[in-house]
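Open the model in your viewer and keep the selection tool ready. Each stop says what to select and what is there.

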Amino acid sequence: MNEALKELLDLLDLEQIELDIFRGRSPEERIQRVFGGQVAAQALVAAGRTVPPERHVHSLHAYFIRPGDPAIPIVYHVERVRDGRSFATRRISAIQHGKVIFSMSASFHIVETGVGHQAAVMPEVVEPESLPMLQDRILEVVGENSPWREWLSRPRPVDVRYVTPLTWEAHRDPALRGSKTNVWFRYDAELPDDPLLHVVLAAYASDFTLVDTVLLTHGLAWGASNVSGASLDHAMWFHRPFRVDDWMLYAQESPWSGAARGLARGEMFTRSGELAVSVVQEAMIRVS
């Protein structure tokens with residue numbers, strides 16, 4: 001297990017300071033505001049600690065309200081909205097400097113049987129083992145003298161491998177622009193069998209590449225264009241058990257952008273082609 005993954009798992013081990021109140025911290029990071037996937041993952045951990053283990057999260061709906069400050073802890077307050085016979089609902093607020101920076105509603109469900117179908121088909125893509133790691137591919141694109149080189153090449157907790165072009169590549173070559181992104185990802189260590197942990201880590205990874213699908217359509221790239229952005233809201237539905245220490249394909253597309261916003265949606269498939277997670281996110285995209 002690499003040090004970045006160890007650090008992430010430590011960040012997800014929240015401190016309980018009162019009934020339904022938890023405290024989390026951020027990495028020693030000062031270059032950017034708190035990563036949205038981290039806040040969503042920590043909020044889901046907090047909610048999960050207030051429901052019985054036989055109830056599994058099946059959906060979340062979140063809003064990013066204010067930028068997170070990585071220099072101070074984040075306090076998570078969980079409200080027990082409802083505990084029914086089959087479902088439980090939680091509302092989570094993340095607080096810094098006395099203000100809510102993030103709000104999430106999450107629903108948990110017991111395991112039940114029912115009718116089933118899957119209309120979504122996993123795209124036919126090359127195997128992840130044949131693709132370079134994201135860090136290696138980024139370094140080849142940005143070059144030796146880029147001021148972003150050190151930050152972009154830092155160790156990451158999740159192994160991400162792009163099937164489709166990077167935004168930096170499409171920024172240089174308009175022929176590579178498109179509205180779809182396919183990415184393999186995996187946490188490269190054997191993880192515990194805790195289903196909530198795998199869901200939480202999928203939520204963390206879901207925010208890495210989704211907004212980039214909007215940028216790819218327009219040939220924009222962080223650090224290479226006069227573009228700024230931030231996640232506005234994020235929704236996820238968890239359809240079946242899965243493991244994030246096995247390869248998963250994250251198929252993403254951007255159906256629309258305008259009015260300084262962009263919409264992106266994604267589907268996470270197991271390597272065998274089962275649809276495991278559906279994701280939708282809207283982000284602020286501004287070009288100066």
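Select F185. It is buried, with a relative accessible area of 2%. Buried means under 20% relative accessible area, exposed over 50%, partly exposed in between (1.4 Å probe, protein chains only). This is a predicted model: local features need pLDDT of at least 70, side-chain atom pairs count only at pLDDT 80 or more, and totals for chains, interfaces and linings use all residues. Residues are numbered from 1 along each chain as its sequence is written, and side-chain values use heavy atoms, without hydrogens and water.

Rings of Phe, Tyr and Trp (its six-membered ring) pair if their centres lie within 6.5 Å; planes under 30 degrees apart count as stacked, over 60 as edge-to-face and the rest as tilted. By this rule there are five aromatic pairs. F185 and Y250 have ring centres 6.4 Å apart and planes at 70°, so this pair is edge-to-face. F185 lies in β8 and Y250 in β10, so the pair ties together parts 65 residues apart in sequence. Strands (E, at least two residues) are DSSP runs, numbered from the N terminus.

Next, colour the open sheet of twelve strands, ordered β1-β2-β4-β5-β6-β3-β9-β12-β11-β10-β8-β7, with antiparallel pairing. Two strands pair if DSSP finds at least two bridges between them. Which strands stand at the edges? β1 (15-18) and β7 (159-162) do, each with a single partner strand, so one side of each has no neighbour in the sheet.

Zoom in on β7 and β8 (residues 180-186): four bridges join them in the antiparallel sense. Here R161 stands opposite W184 in β8.
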